[in-house]
Amino acid sequence: MRNSHKSRIFTYWLLTALAFAAGGAMVAFYAPTESTMGNIQKIFYLHLPSAINTFVSFLIVFVASIGYLIGRKAWWDDLAAAAAKVGVLLCSVVLLTGTTWAKGAWGTWWTWSPRLTFSLLLWLLYVVYLLTRSSVDSRQRKAMISAVYGIVAFLDVPLVYLSARLLPDLHPASIALAPEMKVTLAVCFIPLTLLNVGLIIAGYARAGRAREQQRTEGDHAPRPMNLHRLGGAA
Amino acid sequence: MQQVGLLVGKDLRIEARSRQTIGLVVVLGVLIVVVLGLGLGTQQGGGVAATAVLWTAYLFSGVLCFEKTMGVERADAALAGLMMAPVDRSVIFVAKLVSNLALMALVSTVVTAAGVLFFSFDLSAAPGQFIGIMSLGLVGFAAIGTLFSAVVSSTRLQGGLLALTVFPLSLPLVISSTQLLLRIFRDGESAGGQALAVIIAFDVIFLVASWVLFEWVLEP
């Protein structure tokens, strides 16, 4: 049973690695080079799927946070925490690829363009979510505070987006994609989505095991000595 | 309403007698304006820099203000007593919000006067619009601050964590109101459009969300 579980996990990550290899090969050899920006535009095949998966992760944080407030089940909190960690990781990828793209396209690592600013603010919002979790000792209190922050932060996301759009924009309104580019982009969504889902499930399972282990250790921990029965003066 | 009035009266009476929070917060706000004025020197750009400087001072002063008003309740387990009283928790939220807004109104008046003086920020073109936009911004900021002061006051990090949580959440307000004020005072345009809509939406969303969520986070 345990071996079959391990082989399923191995197969999943092998598929993810193969999907990454296929996506990378298509970006390198199949997708045409964009005429204005050149090869740097190819970063787009990592940038956009990461951005979409970031939103998916943060949406999961929001849903799990509401789930926790309603049901008060610890697994909702585990799911929210796992999704937030993966979301921050993917948002970091979005920021890094965004700044690299900015350097290649506009000659500067950073510009306060709406989309870069939005990515930075989004990253900050959820880094704070993770920091908040690490600053609370009580497990139930941590879950409660995180759930409230997870809801408020997600409600803030559209407002951050709309306010960032007030800043002057350097981005093209849209990039005209050739059919080969669209196919490559669609293929590149597969490994990023597999990675997102796999990491969230792995984080969620790890948190569940840690909780179970804590409970087991609590059951087997030595009980406090009853001094009354020993005739002590406690 | 009567219960809200009683609780706000209690908070303001405590502040009037001790004058602990307001003195500290006003001086901090003015200090921030002075430090940024000195740092920016002659590169201030008049009203362009002033709006951002004022928001910086409001944010730091506000966080200290929220922390202190909730800290009063934490001292001597006053919050536990308040929670045992036959008062709905949403009433406690509204009362804390009004108390924070009253203190922030006082602080922002002094800080804005300092900003106008040190940055030669000419408000005469549209003083009413300036007051309206900043007031709307402070309502949303106070709503978030009041909610998270209750959240954070029961954790280890307290003050640092309050700034950490409230600042990124308040950034839509900062961006929208500074862009709107730039349009009014630098470009001579009228208020309105998407920036004003974002500020109003922020206020509505977070007044409702904070009011609903406050009872989940309040703990003696």
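Modeller: Let's start with a term: two residues are in contact if their C-beta atoms, placed from the backbone, lie within 7 Å. This is a predicted model, where local features need pLDDT of at least 70 and side-chain atom pairs count only at pLDDT 80 or more, while totals for chains, interfaces and linings use all residues. Residues are numbered from 1 along each chain as its sequence is written, and chains are lettered from A and ligands numbered from 1 in the order in which they are written.

Biologist: Thanks! What share of the contacts in chain A with a separation of 6 or more comes from residues 24 or more positions apart?

Modeller: For chain A, that share is 78%.

Biologist: How many helices and strands are there in chain A?

Modeller: Chain A has 6 helices and 0 strands. Helices (H or I, at least four residues) and strands (E, at least two) are DSSP runs, numbered from the N terminus.

Biologist: Why does the length of helix 1 of chain B agree with what it should span?

Modeller: The expected span is 1.5 Å times one less than the number of residues. Helix 1 of chain B (residues 2-18) has 17 residues, so it should span 24 Å, and its end C-alpha atoms are 24 Å apart, which agrees.

Biologist: Which residues of that helix are called buried, and what makes a residue buried or exposed?

Modeller: A residue is buried if 20 or more other C-beta atoms lie within 10 Å of its own, exposed if 12 or fewer, and partly exposed in between, with C-beta atoms placed from the backbone. In helix 1 of chain B, B:Leu7, B:Asp11 and B:Glu15 are buried. On the other side of this helix, the exposed residues are B:Gln2, B:Gly5, B:Gly9, B:Arg13, B:Ala16 and B:Arg17.

Biologist: Why do you say the buried residues of helix 1 of chain B line one face?

Modeller: The arc is taken from the directions from the helix axis to the C-beta atoms. Seen down the axis of helix 1 of chain B, the buried residues fall within an arc of 70°, so they line one face.

Biologist: What makes up the side of chain B that touches chain A?

Modeller: The contact takes 25 residues from chain B and 25 residues from chain A. On the chain B side, helix 7 (159-185) and helix 8 (193-217) are the elements that give two or more residues. The residues of that side divide into 18 nonpolar, 6 polar and 1 charged. Here Ala, Val, Leu, Ile, Met, Phe, Trp, Tyr, Cys and Pro count as nonpolar, Asp, Glu, Lys and Arg as charged, and the others, Gly among them, as polar.
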